[in-house]
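Here is a short walk through one protein model. Keep the sequence and the 3D view at hand as you read.

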Amino acid sequence: MTERRTVPVQLPVIEVHECSLDVRQAAIARAPMFRGLTAAQVAEVEERCGAHGMLEDEAIYLRGQPAERMYFVAHGIVKITRDSAEGRQTLLDVRTPGDFFGAIPELGFESYVENAWGMTDGCILMLDAADYA
């Protein structure tokens, strides 16, 4: 058996259930898409977002599932992977607080083209396709 690799990024510990309003609003304000918004505008975006406490190794979505949401990381780390023909996972990208991932039909995707997994415990925010417009 091989030794499990550890994540070299050190983040403050946050309990999954502690995705507080402050954490969510800070993540929104940090996201490139929302940079420059006023506090009132950030609060409006936050009201449209769903929040989800993620666990390490939890599947957020899998390739082939309907593309229904855009996500962004409020706290923690998400890894984006693709399965090879041999069944091995290939790491495509790592998302950190403020980063977006996911897909919606309005952006030309009917289904997700990769997998997204919690790499650490944390919190992700979600915008449904209907809220994205």
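Two strands pair if DSSP finds at least two bridges between them. Helices (H or I, at least four residues) and strands (E, at least two) are DSSP runs, numbered from the N terminus. The model is predicted: local features need pLDDT of at least 70, side-chain atom pairs count only at pLDDT 80 or more, and totals for chains, interfaces and linings use all residues. Residues are numbered from 1 along each chain as its sequence is written, and side-chain values use heavy atoms, with hydrogens and water left out.

Start with the sheet. Strand β3 (residues 69-75) pairs with strand β8 (residues 122-128) in the antiparallel sense, over 6 bridges. Within this pair, Phe-72 has Leu-125 of β8 as its bridge partner.

Now widen the view. The open sheet has 4 strands, in the order β1-β8-β3-β6, with antiparallel pairing. β1 (50-54) and β6 each have a single partner strand, so one side of each is left without a neighbour in the sheet. On average, neighbouring strands are turned by 25° against each other, direction ignored. Helix α1 (residues 21-30) packs on this sheet and touches β1, β3 and β8. Its direction makes about 115° with that of β3. Such angles run from 0 to 180 degrees between N-to-C directions, with axes as lines fitted to C-alpha atoms, for helices over the stretch in contact. Contact means heavy atoms within 4.5 Å.

Next come the charges. Side chains of opposite charge can pair when their charged atoms come close. A salt bridge is a side-chain nitrogen of Lys or Arg within 4 Å of a carboxyl oxygen of Asp or Glu. The whole structure holds 4 of them. One joins Arg-24 and Glu-46, with the closest N and O atoms 2.7 Å apart. This pair links distant parts of the chain: Arg-24 lies in helix α1 and Glu-46 in helix α2 (residues 39-48), 22 residues apart.

Are these two side chains buried or exposed? Buried means under 20% relative accessible area, exposed over 50%, partly exposed in between (1.4 Å probe, protein chains only). Arg-24 is buried, at 17%. Glu-46 is buried too, at 12%.

Another salt bridge joins Arg-95 and Asp-93 (3.3 Å, N to O). Salt bridges that share partners also join Glu-68, Arg-69 and Asp-128 into one network.

Finally, look at a loop. Asp-57 lies between β1 and β2 (59-61). Asp-57 has a positive phi of about 70°, although it is not a glycine. Asp-57 counts as partly exposed because its relative accessibility is 43%.
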